[in-house]
Amino acid sequence: MTLRLAVAADVPALAALYAQAARTFGPAVYTPAQVQAWASFGADTPAFRDYVLGARTWVALDGDARPLAFCGVDGTGEVRSLYVRAGATRQGRGSALLAHALDDARARGVHRFAAWVTPLSRPVFERAGFRLVARVTQDFQGVSFERLRVEGPSIE
């Protein structure tokens, strides 16, 4: 797995990976309306471009140099994204990519981290030392979701 920083030319492929992940994994924990709302954000729009490029987003590439996963952490320590392509999960890639992105942020002076996670990604974050601090219900793309807020690991 090769890692590099995302560039604008990556956005269409990352949008497709994001939408594929939502459609593939979402039905395990979400209603069809929630899955559609989640997947609909994965389009090459200004909001999705900001989601990727508004953070320091790392892209993991497969042997054919195609995006396998991506993880973005902004300058405040907010983990904005962590997605792994369907068929490439449960092999430690998400955990490795998250660890790399957090280490990179620490090297840039970030010492506190937080994220909004799904029930699907929560275990990856917990293995990395994050803990659940809040559950809220909010609309996303016009559909109500329960969102999970995690924080940590912090270095003071």
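Predicted model: local features only at pLDDT ≥ 70, side-chain atom pairs only at ≥ 80, totals over all residues.
Which residues does Glu 78 touch, not counting residues up to four places away in sequence?

Residues are numbered from 1 along each chain as its sequence is written, and side-chain values use heavy atoms, with hydrogens and water left out.

The chain has 5 helices and 7 strands; these are DSSP runs, numbered from the N terminus, with helices being H or I of at least four residues and strands E of at least two. From the N terminus on, their order is β-α-α-α-β-β-β-α-β-α-β-β. Of the 156 residues, 44% count as buried, where buried means under 20% relative accessible area, exposed over 50%, and partly exposed in between, with a 1.4 Å probe and protein chains only. Along its principal axes, the C-alpha trace spans about 40 × 40 × 30 Å.

Let us now turn to Glu 78. This residue lies in strand 4, which covers residues 78-84. Glu 78 is buried, at a relative accessible area of 17%. As for the opening question, Glu 78 touches Gly 72, Val 73, Ala 114, Ala 115, Trp 116 and Arg 149, contact meaning heavy atoms within 4.5 Å. With Arg 149, the side chain of Glu 78 also forms a polar contact of 2.7 Å. A polar contact is a pair of N or O atoms within 3.5 Å; within protein, one must be able to donate a hydrogen and the other to accept it, and residues adjacent in sequence count only if both atoms are side-chain atoms.
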